[in-house]
Amino acid sequence: MASETDASPTAAEKRKTERRVIIGSSLGTVFEWYDFYLYGLLASALSLHFFSGVNETTGFILALMAFAAGFAIRPFGALVFGRIGDIVGRKNTFLVTMAIMGLSTFAVGFLPGYDSIGIAAPIILMVLRLLQGLAIGGEYGGAAVYVAEHAPPGKRGFYTSFIQTTAMLGLILASSLVVGLRTVMDAEAFLAWGWRIPFIFSIVLLTVTLWIRFQLEESPVFQRMKAQGATSKAPLTEAFGEWKNLKIVLIALFGAVAGQAVIGFAAHLYPLFFLERIARVDGATANFLVATALMLIIPCFVFFGWLSDKIGRKPIMMTACVIALFVYFPLYKALVGAANPAMAAAVERAPVTVVAHAGECSFQFDPIGKNTFDRTSCDIAKSYLAKAGVNYANIDALAGTVASVQIGDTVLPVPDPSGLGAEGRAAAVAGFAAAAKTELDAAGYPDKADPAQVNKVKVIMILCVFGVLATMVYGPLAALLVELFPARIRYTSLSLPYHIGNGWIGGFMPTIGFAMVAATGNIYQGLWYAVVIAGVTAIVGILFLPETYKRDIEA
(Lines give C-alpha, C1' and ligand atoms only; values in the text may rest on other atoms or scores of the structure.)
Protein backbone atom coordinates (compact mmCIF):
# COMPACT_ATOMS: atom_id res chain seq x y z
CA MET A 1 0.00 0.00 0.00
CA ALA A 2 2.76 2.40 0.95
CA SER A 3 4.48 1.72 -2.32
CA GLU A 4 1.31 2.49 -4.30
CA THR A 5 0.71 5.66 -2.29
CA ASP A 6 4.26 6.83 -2.90
CA ALA A 7 3.95 6.12 -6.62
CA SER A 8 0.65 7.94 -7.13
CA PRO A 9 1.92 11.49 -6.53
CA THR A 10 4.80 10.85 -8.89
CA ALA A 11 2.48 9.77 -11.71
CA ALA A 12 0.09 12.62 -10.98
CA GLU A 13 2.94 15.12 -10.89
CA LYS A 14 4.27 13.79 -14.19
CA ARG A 15 0.88 14.25 -15.84
CA LYS A 16 0.65 17.76 -14.39
CA THR A 17 4.08 18.61 -15.76
CA GLU A 18 3.17 17.25 -19.21
CA ARG A 19 0.01 19.35 -19.26
CA ARG A 20 1.97 22.45 -18.25
CA VAL A 21 4.55 21.77 -20.97
CA ILE A 22 1.86 21.47 -23.63
CA ILE A 23 -0.02 24.56 -22.43
CA GLY A 24 3.09 26.70 -22.04
CA SER A 25 4.48 25.74 -25.43
CA SER A 26 1.13 25.99 -27.19
CA LEU A 27 0.28 29.41 -25.77
CA GLY A 28 3.40 30.83 -27.34
CA THR A 29 2.39 29.40 -30.68
CA VAL A 30 -1.16 30.74 -30.23
CA PHE A 31 0.44 34.17 -29.81
CA GLU A 32 2.56 33.62 -32.93
CA TRP A 33 -0.47 32.80 -35.06
CA TYR A 34 -2.62 35.48 -33.42
CA ASP A 35 -0.12 38.10 -34.54
CA PHE A 36 0.28 36.45 -37.91
CA TYR A 37 -3.45 36.52 -38.62
CA LEU A 38 -3.87 40.09 -37.39
CA TYR A 39 -1.68 41.29 -40.25
CA GLY A 40 -3.84 39.33 -42.67
CA LEU A 41 -7.21 40.23 -41.16
CA LEU A 42 -6.31 43.91 -40.98
CA ALA A 43 -4.47 44.16 -44.31
CA SER A 44 -7.01 46.67 -45.64
CA ALA A 45 -6.66 48.92 -42.57
CA LEU A 46 -2.86 48.66 -42.65
CA SER A 47 -2.94 49.53 -46.34
CA LEU A 48 -5.06 52.62 -45.60
CA HIS A 49 -2.86 53.91 -42.75
CA PHE A 50 0.66 52.94 -43.80
CA PHE A 51 0.55 52.75 -47.62
CA SER A 52 -1.85 55.56 -48.45
CA GLY A 53 0.64 57.17 -50.84
CA VAL A 54 -0.10 54.64 -53.63
CA ASN A 55 -3.18 53.47 -55.53
CA GLU A 56 -5.65 51.08 -53.87
CA THR A 57 -4.62 47.86 -55.62
CA THR A 58 -0.92 48.51 -55.08
CA GLY A 59 -1.50 49.56 -51.47
CA PHE A 60 -3.23 46.27 -50.69
CA ILE A 61 -0.44 44.24 -52.30
CA LEU A 62 2.16 46.31 -50.41
CA ALA A 63 0.30 45.58 -47.17
CA LEU A 64 0.52 41.90 -48.07
CA MET A 65 4.23 42.37 -48.73
CA ALA A 66 4.69 43.87 -45.26
CA PHE A 67 2.80 40.86 -43.99
CA ALA A 68 5.11 38.59 -46.00
CA ALA A 69 8.27 40.41 -44.86
CA GLY A 70 7.99 38.77 -41.48
CA PHE A 71 8.01 35.44 -43.25
CA ALA A 72 11.03 36.34 -45.34
CA ILE A 73 13.26 36.70 -42.30
CA ARG A 74 11.99 33.64 -40.42
CA PRO A 75 14.65 31.25 -41.75
CA PHE A 76 17.35 33.60 -40.46
CA GLY A 77 15.66 33.55 -37.07
CA ALA A 78 15.63 29.76 -37.31
CA LEU A 79 19.42 29.75 -37.79
CA VAL A 80 20.08 32.21 -34.96
CA PHE A 81 17.73 30.80 -32.34
CA GLY A 82 18.00 27.19 -33.49
CA ARG A 83 21.75 27.33 -32.84
CA ILE A 84 21.18 28.90 -29.41
CA GLY A 85 18.56 26.27 -28.60
CA ASP A 86 20.93 23.41 -29.39
CA ILE A 87 23.80 24.96 -27.40
CA VAL A 88 22.14 26.75 -24.47
CA GLY A 89 18.85 24.88 -24.15
CA ARG A 90 15.26 24.77 -25.34
CA LYS A 91 13.54 26.68 -22.51
CA ASN A 92 15.61 29.86 -22.30
CA THR A 93 15.66 30.24 -26.07
CA PHE A 94 11.94 30.31 -26.51
CA LEU A 95 11.56 32.69 -23.56
CA VAL A 96 13.66 35.21 -25.52
CA THR A 97 11.80 34.60 -28.79
CA MET A 98 8.47 35.07 -27.01
CA ALA A 99 9.48 38.43 -25.55
CA ILE A 100 10.77 39.83 -28.87
CA MET A 101 7.75 38.58 -30.78
CA GLY A 102 5.24 39.94 -28.30
CA LEU A 103 6.72 43.40 -27.87
CA SER A 104 7.00 43.86 -31.65
CA THR A 105 3.31 43.07 -32.05
CA PHE A 106 2.29 45.35 -29.17
CA ALA A 107 4.23 48.29 -30.66
CA VAL A 108 2.19 48.23 -33.89
CA GLY A 109 -0.84 49.35 -31.90
CA PHE A 110 0.85 52.70 -31.18
CA LEU A 111 2.62 53.28 -34.51
CA PRO A 112 1.64 56.60 -36.20
CA GLY A 113 0.35 56.36 -39.76
CA TYR A 114 1.60 57.67 -43.10
CA ASP A 115 -0.42 60.88 -42.71
CA SER A 116 1.47 61.67 -39.48
CA ILE A 117 5.09 60.71 -40.12
CA GLY A 118 5.15 60.01 -43.85
CA ILE A 119 7.44 57.33 -45.29
CA ALA A 120 8.77 56.55 -41.78
CA ALA A 121 5.45 54.84 -40.96
CA PRO A 122 5.72 51.93 -43.45
CA ILE A 123 9.46 51.65 -42.74
CA ILE A 124 8.91 51.26 -38.98
CA LEU A 125 6.05 48.84 -39.63
CA MET A 126 8.38 46.77 -41.78
CA VAL A 127 11.08 46.81 -39.07
CA LEU A 128 8.61 45.62 -36.43
CA ARG A 129 7.38 42.94 -38.79
CA LEU A 130 10.95 41.80 -39.39
CA LEU A 131 11.69 41.63 -35.65
CA GLN A 132 8.53 39.63 -35.11
CA GLY A 133 9.43 37.25 -37.94
CA LEU A 134 12.99 36.85 -36.67
CA ALA A 135 11.70 35.77 -33.25
CA ILE A 136 9.13 33.40 -34.72
CA GLY A 137 12.02 31.71 -36.51
CA GLY A 138 13.00 30.23 -33.17
CA GLU A 139 9.56 29.90 -31.60
CA TYR A 140 7.96 26.97 -33.41
CA GLY A 141 11.07 24.79 -33.39
CA GLY A 142 11.49 25.34 -29.66
CA ALA A 143 7.87 24.47 -28.91
CA ALA A 144 7.89 21.35 -31.11
CA VAL A 145 11.17 20.02 -29.73
CA TYR A 146 10.26 20.85 -26.14
CA VAL A 147 6.90 19.05 -26.23
CA ALA A 148 8.15 16.05 -28.22
CA GLU A 149 11.09 15.53 -25.88
CA HIS A 150 8.67 15.45 -22.93
CA ALA A 151 6.18 13.10 -24.65
CA PRO A 152 6.01 9.38 -23.79
CA PRO A 153 7.05 6.98 -26.61
CA GLY A 154 4.18 6.26 -28.97
CA LYS A 155 2.39 9.53 -28.15
CA ARG A 156 4.57 12.17 -29.81
CA GLY A 157 2.10 12.75 -32.63
CA PHE A 158 -0.76 13.14 -30.16
CA TYR A 159 1.15 15.46 -27.79
CA THR A 160 2.61 17.72 -30.48
CA SER A 161 -0.72 17.92 -32.32
CA PHE A 162 -1.89 20.30 -29.60
CA ILE A 163 0.77 22.76 -30.79
CA GLN A 164 -0.69 22.47 -34.29
CA THR A 165 -4.19 23.38 -33.07
CA THR A 166 -2.78 26.71 -31.98
CA ALA A 167 -2.72 27.98 -35.56
CA MET A 168 -6.49 27.74 -35.63
CA LEU A 169 -6.87 29.01 -32.06
CA GLY A 170 -4.75 32.02 -32.96
CA LEU A 171 -6.93 32.75 -35.97
CA ILE A 172 -10.13 32.26 -33.99
CA LEU A 173 -8.90 34.59 -31.26
CA ALA A 174 -7.79 37.22 -33.79
CA SER A 175 -10.95 36.82 -35.89
CA SER A 176 -13.26 36.94 -32.88
CA LEU A 177 -11.67 40.13 -31.63
CA VAL A 178 -11.70 41.78 -35.06
CA VAL A 179 -15.28 40.70 -35.82
CA GLY A 180 -16.40 41.80 -32.36
CA LEU A 181 -14.87 45.23 -32.81
CA ARG A 182 -16.35 45.58 -36.29
CA THR A 183 -19.74 44.69 -34.83
CA VAL A 184 -19.75 47.18 -31.95
CA MET A 185 -17.98 49.99 -33.82
CA ASP A 186 -19.04 51.79 -36.97
CA ALA A 187 -16.83 51.10 -39.98
CA GLU A 188 -15.34 54.60 -39.99
CA ALA A 189 -14.21 54.43 -36.36
CA PHE A 190 -12.80 50.94 -36.78
CA LEU A 191 -10.69 52.00 -39.77
CA ALA A 192 -9.64 55.19 -37.99
CA TRP A 193 -8.40 53.70 -34.69
CA GLY A 194 -10.30 50.53 -33.72
CA TRP A 195 -7.95 48.29 -35.71
CA ARG A 196 -5.19 49.17 -33.18
CA ILE A 197 -6.97 47.47 -30.26
CA PRO A 198 -6.12 43.85 -31.23
CA PHE A 199 -2.41 44.73 -31.40
CA ILE A 200 -2.52 46.46 -28.01
CA PHE A 201 -4.44 43.52 -26.50
CA SER A 202 -1.52 41.24 -27.37
CA ILE A 203 0.32 42.41 -24.23
CA VAL A 204 -2.13 40.32 -22.18
CA LEU A 205 -1.22 37.16 -24.13
CA LEU A 206 2.47 37.95 -23.81
CA THR A 207 2.27 38.35 -20.03
CA VAL A 208 0.36 35.11 -19.46
CA THR A 209 2.61 33.09 -21.76
CA LEU A 210 5.85 34.32 -20.22
CA TRP A 211 4.51 33.66 -16.71
CA ILE A 212 3.75 30.03 -17.57
CA ARG A 213 7.00 29.46 -19.41
CA PHE A 214 9.12 30.76 -16.55
CA GLN A 215 7.75 27.89 -14.45
CA LEU A 216 8.83 25.16 -16.87
CA GLU A 217 11.92 22.99 -16.54
CA GLU A 218 14.42 22.28 -19.31
CA SER A 219 13.73 19.38 -21.70
CA PRO A 220 14.81 16.02 -20.18
CA VAL A 221 16.55 15.02 -23.43
CA PHE A 222 18.63 18.21 -23.42
CA GLN A 223 19.41 17.82 -19.71
CA ARG A 224 20.78 14.31 -20.32
CA MET A 225 22.83 15.47 -23.32
CA LYS A 226 24.27 18.33 -21.30
CA ALA A 227 25.11 16.07 -18.36
CA GLN A 228 26.90 13.67 -20.72
CA GLY A 229 28.71 16.49 -22.56
CA ALA A 230 27.02 15.42 -25.80
CA THR A 231 25.61 18.76 -26.94
CA SER A 232 26.79 20.11 -30.26
CA LYS A 233 29.46 22.82 -30.27
CA ALA A 234 28.71 23.84 -33.88
CA PRO A 235 25.11 22.91 -34.72
CA LEU A 236 24.99 24.99 -37.92
CA THR A 237 28.06 23.29 -39.37
CA GLU A 238 26.89 19.88 -38.26
CA ALA A 239 23.33 20.33 -39.53
CA PHE A 240 24.04 21.94 -42.90
CA GLY A 241 27.71 21.27 -43.56
CA GLU A 242 27.42 17.47 -43.48
CA TRP A 243 25.58 15.92 -46.42
CA LYS A 244 23.94 13.14 -44.37
CA ASN A 245 22.11 15.79 -42.32
CA LEU A 246 21.63 18.37 -45.09
CA LYS A 247 19.99 15.72 -47.26
CA ILE A 248 17.34 15.14 -44.59
CA VAL A 249 16.81 18.90 -44.25
CA LEU A 250 16.10 19.15 -48.00
CA ILE A 251 13.78 16.14 -47.95
CA ALA A 252 11.92 17.60 -44.97
CA LEU A 253 11.52 20.92 -46.82
CA PHE A 254 10.39 19.68 -50.23
CA GLY A 255 8.85 16.38 -49.17
CA ALA A 256 6.78 17.63 -46.21
CA VAL A 257 6.89 21.28 -45.15
CA ALA A 258 6.39 22.99 -48.53
CA GLY A 259 3.17 21.09 -49.19
CA GLN A 260 2.00 21.60 -45.62
CA ALA A 261 2.59 25.34 -45.94
CA VAL A 262 0.59 25.93 -49.12
CA ILE A 263 -2.20 23.56 -48.08
CA GLY A 264 -2.38 25.36 -44.75
CA PHE A 265 -2.50 28.80 -46.35
CA ALA A 266 -5.04 27.62 -48.92
CA ALA A 267 -7.23 26.55 -46.00
CA HIS A 268 -7.31 29.64 -43.83
CA LEU A 269 -5.64 32.85 -45.00
CA TYR A 270 -6.01 32.65 -48.78
CA PRO A 271 -9.78 31.95 -48.51
CA LEU A 272 -10.15 34.98 -46.27
CA PHE A 273 -8.50 37.27 -48.84
CA PHE A 274 -10.36 35.49 -51.63
CA LEU A 275 -13.76 36.00 -50.03
CA GLU A 276 -13.04 39.66 -49.31
CA ARG A 277 -11.18 40.78 -52.42
CA ILE A 278 -12.56 38.48 -55.12
CA ALA A 279 -16.02 37.36 -53.98
CA ARG A 280 -16.61 40.84 -52.50
CA VAL A 281 -17.96 39.54 -49.19
CA ASP A 282 -17.81 42.14 -46.42
CA GLY A 283 -14.90 41.74 -44.01
CA ALA A 284 -16.94 40.86 -40.91
CA THR A 285 -18.86 38.10 -42.70
CA ALA A 286 -15.70 36.69 -44.31
CA ASN A 287 -13.93 36.61 -40.94
CA PHE A 288 -16.94 34.90 -39.34
CA LEU A 289 -17.17 32.23 -42.04
CA VAL A 290 -13.47 31.36 -41.95
CA ALA A 291 -13.30 31.37 -38.15
CA THR A 292 -16.38 29.15 -37.88
CA ALA A 293 -14.97 26.58 -40.29
CA LEU A 294 -11.63 26.52 -38.51
CA MET A 295 -13.28 26.11 -35.15
CA LEU A 296 -15.11 23.05 -36.48
CA ILE A 297 -11.97 21.34 -37.76
CA ILE A 298 -9.74 21.92 -34.70
CA PRO A 299 -10.34 18.38 -33.33
CA CYS A 300 -8.98 16.99 -36.61
CA PHE A 301 -5.47 18.19 -35.71
CA VAL A 302 -5.48 16.02 -32.61
CA PHE A 303 -7.15 13.13 -34.43
CA PHE A 304 -4.56 13.03 -37.22
CA GLY A 305 -1.74 13.52 -34.72
CA TRP A 306 -3.09 10.55 -32.74
CA LEU A 307 -3.66 8.51 -35.92
CA SER A 308 -0.09 9.17 -37.05
CA ASP A 309 1.11 7.45 -33.85
CA LYS A 310 -0.77 4.35 -35.02
CA ILE A 311 -0.21 4.15 -38.78
CA GLY A 312 2.64 6.60 -39.43
CA ARG A 313 3.08 10.24 -40.39
CA LYS A 314 3.83 9.82 -44.08
CA PRO A 315 0.65 8.17 -45.45
CA ILE A 316 -1.61 10.79 -43.87
CA MET A 317 0.41 13.77 -45.10
CA MET A 318 0.96 12.47 -48.63
CA THR A 319 -2.72 11.60 -49.04
CA ALA A 320 -3.63 15.21 -48.28
CA CYS A 321 -1.13 16.53 -50.84
CA VAL A 322 -2.55 14.29 -53.57
CA ILE A 323 -6.17 15.18 -52.79
CA ALA A 324 -5.32 18.90 -52.87
CA LEU A 325 -4.23 18.63 -56.50
CA PHE A 326 -7.73 17.68 -57.59
CA VAL A 327 -10.03 19.73 -55.37
CA TYR A 328 -8.71 23.30 -55.22
CA PHE A 329 -9.96 24.63 -58.57
CA PRO A 330 -13.48 23.13 -58.42
CA LEU A 331 -13.93 23.98 -54.74
CA TYR A 332 -12.75 27.58 -55.08
CA LYS A 333 -15.12 27.98 -58.01
CA ALA A 334 -17.90 26.56 -55.85
CA LEU A 335 -16.84 29.00 -53.12
CA VAL A 336 -17.55 31.97 -55.39
CA GLY A 337 -20.92 30.51 -56.31
CA ALA A 338 -21.86 30.05 -52.66
CA ALA A 339 -20.48 33.36 -51.39
CA ASN A 340 -21.59 35.62 -54.25
CA PRO A 341 -24.08 33.81 -56.50
CA ALA A 342 -24.86 37.01 -58.43
CA MET A 343 -21.20 37.35 -59.42
CA ALA A 344 -20.92 33.67 -60.36
CA ALA A 345 -24.05 33.97 -62.51
CA ALA A 346 -22.77 37.14 -64.18
CA VAL A 347 -19.42 35.51 -65.02
CA GLU A 348 -21.24 32.61 -66.68
CA ARG A 349 -23.84 34.76 -68.42
CA ALA A 350 -21.66 37.71 -69.49
CA PRO A 351 -17.94 36.86 -69.34
CA VAL A 352 -15.54 39.79 -69.62
CA THR A 353 -12.73 39.79 -72.19
CA VAL A 354 -10.01 42.37 -72.80
CA VAL A 355 -8.90 42.59 -76.44
CA ALA A 356 -5.52 44.34 -76.65
CA HIS A 357 -1.96 43.98 -77.84
CA ALA A 358 -0.06 42.23 -75.02
CA GLY A 359 2.97 44.49 -75.47
CA GLU A 360 0.89 47.52 -74.48
CA CYS A 361 -0.40 46.00 -71.23
CA SER A 362 1.50 46.70 -67.99
CA PHE A 363 1.71 44.40 -65.01
CA GLN A 364 -0.95 45.85 -62.68
CA PHE A 365 1.36 46.41 -59.72
CA ASP A 366 3.27 49.56 -58.83
CA PRO A 367 5.31 49.35 -55.61
CA ILE A 368 6.35 53.01 -55.62
CA GLY A 369 2.93 54.42 -56.48
CA LYS A 370 4.04 56.45 -59.51
CA ASN A 371 2.23 54.55 -62.28
CA THR A 372 -1.34 55.72 -62.88
CA PHE A 373 -1.88 53.04 -65.55
CA ASP A 374 -3.26 55.60 -68.01
CA ARG A 375 -0.64 55.59 -70.78
CA THR A 376 -2.27 52.92 -72.98
CA SER A 377 -5.84 51.85 -73.60
CA CYS A 378 -5.01 48.36 -72.30
CA ASP A 379 -3.75 49.77 -69.01
CA ILE A 380 -6.89 51.87 -68.58
CA ALA A 381 -9.09 48.81 -69.09
CA LYS A 382 -7.13 46.40 -66.90
CA SER A 383 -6.56 48.92 -64.11
CA TYR A 384 -10.30 49.44 -63.76
CA LEU A 385 -11.12 45.72 -63.89
CA ALA A 386 -8.40 44.85 -61.36
CA LYS A 387 -9.68 47.48 -58.94
CA ALA A 388 -13.25 46.25 -59.41
CA GLY A 389 -12.20 42.62 -58.83
CA VAL A 390 -13.74 41.48 -62.11
CA ASN A 391 -12.65 38.18 -63.65
CA TYR A 392 -11.61 38.59 -67.27
CA ALA A 393 -9.91 36.75 -70.11
CA ASN A 394 -7.33 38.16 -72.53
CA ILE A 395 -7.29 38.12 -76.32
CA ASP A 396 -4.15 39.38 -78.03
CA ALA A 397 -4.60 41.91 -80.83
CA LEU A 398 -2.32 43.39 -83.44
CA ALA A 399 0.15 46.05 -82.36
CA GLY A 400 -1.41 49.49 -82.44
CA THR A 401 -4.93 48.20 -81.88
CA VAL A 402 -6.89 50.30 -79.42
CA ALA A 403 -8.11 48.04 -76.60
CA SER A 404 -11.73 47.10 -76.11
CA VAL A 405 -13.60 45.30 -73.36
CA GLN A 406 -16.30 42.80 -74.21
CA ILE A 407 -18.94 42.24 -71.50
CA GLY A 408 -21.19 39.45 -72.70
CA ASP A 409 -22.33 40.56 -76.15
CA THR A 410 -21.54 44.23 -75.54
CA VAL A 411 -18.26 45.64 -76.83
CA LEU A 412 -17.04 48.67 -74.91
CA PRO A 413 -14.30 50.70 -76.62
CA VAL A 414 -11.51 51.98 -74.39
CA PRO A 415 -10.28 55.54 -74.97
CA ASP A 416 -6.88 55.94 -76.58
CA PRO A 417 -4.84 58.19 -74.25
CA SER A 418 -1.96 58.75 -76.66
CA GLY A 419 -1.43 62.43 -77.32
CA LEU A 420 -3.48 63.52 -74.32
CA GLY A 421 -2.14 65.54 -71.41
CA ALA A 422 -2.56 64.64 -67.77
CA GLU A 423 -6.00 66.24 -67.51
CA GLY A 424 -7.14 64.61 -70.72
CA ARG A 425 -5.99 61.17 -69.56
CA ALA A 426 -7.73 61.63 -66.21
CA ALA A 427 -10.97 62.55 -67.99
CA ALA A 428 -10.60 59.54 -70.32
CA VAL A 429 -10.06 57.20 -67.36
CA ALA A 430 -13.08 58.61 -65.50
CA GLY A 431 -15.26 58.36 -68.59
CA PHE A 432 -14.30 54.74 -69.20
CA ALA A 433 -14.83 53.83 -65.54
CA ALA A 434 -18.35 55.27 -65.62
CA ALA A 435 -19.20 53.49 -68.88
CA ALA A 436 -17.72 50.18 -67.71
CA LYS A 437 -19.61 50.32 -64.41
CA THR A 438 -22.85 50.95 -66.25
CA GLU A 439 -22.32 47.93 -68.50
CA LEU A 440 -21.17 45.69 -65.63
CA ASP A 441 -24.24 46.71 -63.60
CA ALA A 442 -26.45 45.92 -66.59
CA ALA A 443 -24.79 42.51 -66.92
CA GLY A 444 -25.49 41.74 -63.27
CA TYR A 445 -22.01 42.18 -61.79
CA PRO A 446 -22.51 43.26 -58.16
CA ASP A 447 -20.30 45.81 -56.41
CA LYS A 448 -20.49 43.65 -53.27
CA ALA A 449 -21.90 40.31 -52.29
CA ASP A 450 -25.47 40.53 -51.04
CA PRO A 451 -25.34 39.30 -47.40
CA ALA A 452 -28.80 37.77 -47.79
CA GLN A 453 -27.62 35.65 -50.73
CA VAL A 454 -24.43 34.31 -49.12
CA ASN A 455 -24.96 30.58 -48.60
CA LYS A 456 -23.16 30.46 -45.27
CA VAL A 457 -23.62 26.73 -44.69
CA LYS A 458 -22.18 25.83 -48.09
CA VAL A 459 -19.28 28.26 -47.70
CA ILE A 460 -18.42 26.81 -44.30
CA MET A 461 -18.62 23.25 -45.66
CA ILE A 462 -16.19 24.10 -48.47
CA LEU A 463 -13.84 25.81 -46.03
CA CYS A 464 -14.02 22.74 -43.78
CA VAL A 465 -12.79 20.56 -46.65
CA PHE A 466 -9.79 22.86 -47.06
CA GLY A 467 -9.32 22.76 -43.30
CA VAL A 468 -9.36 18.98 -43.00
CA LEU A 469 -6.65 18.73 -45.66
CA ALA A 470 -4.60 21.24 -43.65
CA THR A 471 -5.00 19.18 -40.47
CA MET A 472 -3.84 16.06 -42.30
CA VAL A 473 -0.52 17.66 -43.22
CA TYR A 474 -0.08 19.82 -40.14
CA GLY A 475 -1.27 17.52 -37.36
CA PRO A 476 1.60 14.98 -37.69
CA LEU A 477 4.21 17.50 -38.87
CA ALA A 478 5.86 18.51 -35.57
CA ALA A 479 6.42 14.90 -34.53
CA LEU A 480 7.77 14.04 -37.98
CA LEU A 481 10.30 16.88 -37.93
CA VAL A 482 11.48 16.10 -34.41
CA GLU A 483 11.95 12.42 -35.30
CA LEU A 484 13.86 13.16 -38.50
CA PHE A 485 16.87 14.76 -36.79
CA PRO A 486 19.36 13.75 -34.06
CA ALA A 487 18.86 15.40 -30.65
CA ARG A 488 22.14 17.33 -30.64
CA ILE A 489 21.18 19.39 -33.73
CA ARG A 490 17.39 18.95 -33.66
CA TYR A 491 16.36 22.54 -32.86
CA THR A 492 18.56 23.95 -35.63
CA SER A 493 17.79 21.28 -38.22
CA LEU A 494 14.01 21.30 -38.03
CA SER A 495 13.59 25.07 -37.60
CA LEU A 496 15.19 25.98 -40.93
CA PRO A 497 13.08 23.82 -43.29
CA TYR A 498 9.94 24.63 -41.32
CA HIS A 499 10.44 28.38 -41.68
CA ILE A 500 11.65 28.29 -45.26
CA GLY A 501 8.51 26.32 -46.05
CA ASN A 502 6.07 28.39 -44.01
CA GLY A 503 7.99 31.66 -44.21
CA TRP A 504 8.99 31.80 -47.84
CA ILE A 505 6.92 29.23 -49.71
CA GLY A 506 3.71 29.57 -47.71
CA GLY A 507 4.09 33.13 -46.45
CA PHE A 508 4.34 34.59 -49.93
CA MET A 509 1.34 32.67 -51.24
CA PRO A 510 -1.21 35.50 -50.72
CA THR A 511 1.11 38.11 -52.24
CA ILE A 512 2.16 36.01 -55.22
CA GLY A 513 -1.32 34.59 -55.69
CA PHE A 514 -3.04 37.96 -55.86
CA ALA A 515 -0.27 39.41 -57.99
CA MET A 516 -0.93 36.55 -60.43
CA VAL A 517 -4.63 37.40 -60.37
CA ALA A 518 -3.88 41.08 -61.02
CA ALA A 519 -1.52 40.21 -63.87
CA THR A 520 -3.84 37.80 -65.70
CA GLY A 521 -7.34 38.86 -64.69
CA ASN A 522 -8.17 35.23 -63.85
CA ILE A 523 -9.43 35.11 -60.26
CA TYR A 524 -8.35 31.46 -59.92
CA GLN A 525 -4.85 31.92 -61.34
CA GLY A 526 -3.21 32.19 -57.89
CA LEU A 527 -4.29 28.64 -57.04
CA TRP A 528 -1.65 27.26 -59.41
CA TYR A 529 0.94 28.29 -56.85
CA ALA A 530 -0.54 25.94 -54.25
CA VAL A 531 -1.28 23.13 -56.69
CA VAL A 532 2.22 22.99 -58.17
CA ILE A 533 3.97 23.04 -54.77
CA ALA A 534 1.61 20.44 -53.29
CA GLY A 535 2.39 18.26 -56.32
CA VAL A 536 6.13 18.63 -55.81
CA THR A 537 5.76 17.66 -52.15
CA ALA A 538 3.67 14.62 -53.04
CA ILE A 539 6.35 13.37 -55.47
CA VAL A 540 9.36 14.07 -53.23
CA GLY A 541 7.61 12.86 -50.09
CA ILE A 542 6.36 9.59 -51.56
CA LEU A 543 9.76 8.79 -53.07
CA PHE A 544 12.22 10.01 -50.41
CA LEU A 545 10.57 10.91 -47.08
CA PRO A 546 11.27 8.20 -44.47
CA GLU A 547 8.65 6.99 -42.01
CA THR A 548 9.61 8.06 -38.50
CA TYR A 549 6.84 7.30 -36.02
CA LYS A 550 8.64 4.39 -34.33
CA ARG A 551 12.03 6.12 -34.00
CA ASP A 552 13.86 6.67 -30.72
CA ILE A 553 14.44 10.44 -30.33
CA GLU A 554 16.94 10.17 -27.47
CA ALA A 555 19.85 9.70 -29.85
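In the predicted model, Gly408 adopts a positive phi near 65 degrees within the hairpin of β3 and β4, where 2 residues lie between the strands. Strands (E, at least two residues) and helices (H or I, at least four) are DSSP runs numbered from the N terminus. Residues are numbered from 1 along each chain as its sequence is written. Because the model is predicted, local features need pLDDT of at least 70 and side-chain atom pairs count only at pLDDT 80 or more, whereas totals for chains, interfaces and linings use all residues; side-chain values use heavy atoms, without hydrogens and water.

Strand β3 (residues 404-407) and strand β4 (residues 410-413) run antiparallel and are joined by 4 bridges; strands pair if DSSP finds at least two bridges between them. Val405 has Leu412 in β4 as its bridge partner. Strand β3 is also joined to β1 by 4 bridges, again in antiparallel orientation, and Val352 is partnered by Ile407 of β3.

Thr353 lies in β1 (residues 352-356). Thr353 counts as buried because its relative accessibility is 15%, buried meaning under 20% relative accessible area (1.4 Å probe, protein chains only). Beyond neighbours within four places in sequence, Thr353 is in contact (heavy atoms within 4.5 Å) with Ala393, Ile395, Ser404, Val405 and Gln406.

The largest nonpolar core has 143 residues, and Tyr328 is among those touching the most other members. A nonpolar core is a set of buried Ala, Val, Leu, Ile, Met, Phe, Trp, Tyr and Cys residues joined through side-chain atoms within 4.5 Å. Helix α16 (residues 314-339) supplies the largest share of this core, 13 residues. Another core, of 22 residues including Phe432 and Tyr445, lies apart from it.

Note on methods: Buried < 20%, exposed > 50% of the residue type's maximum accessible area, 1.4 Å probe, protein only.
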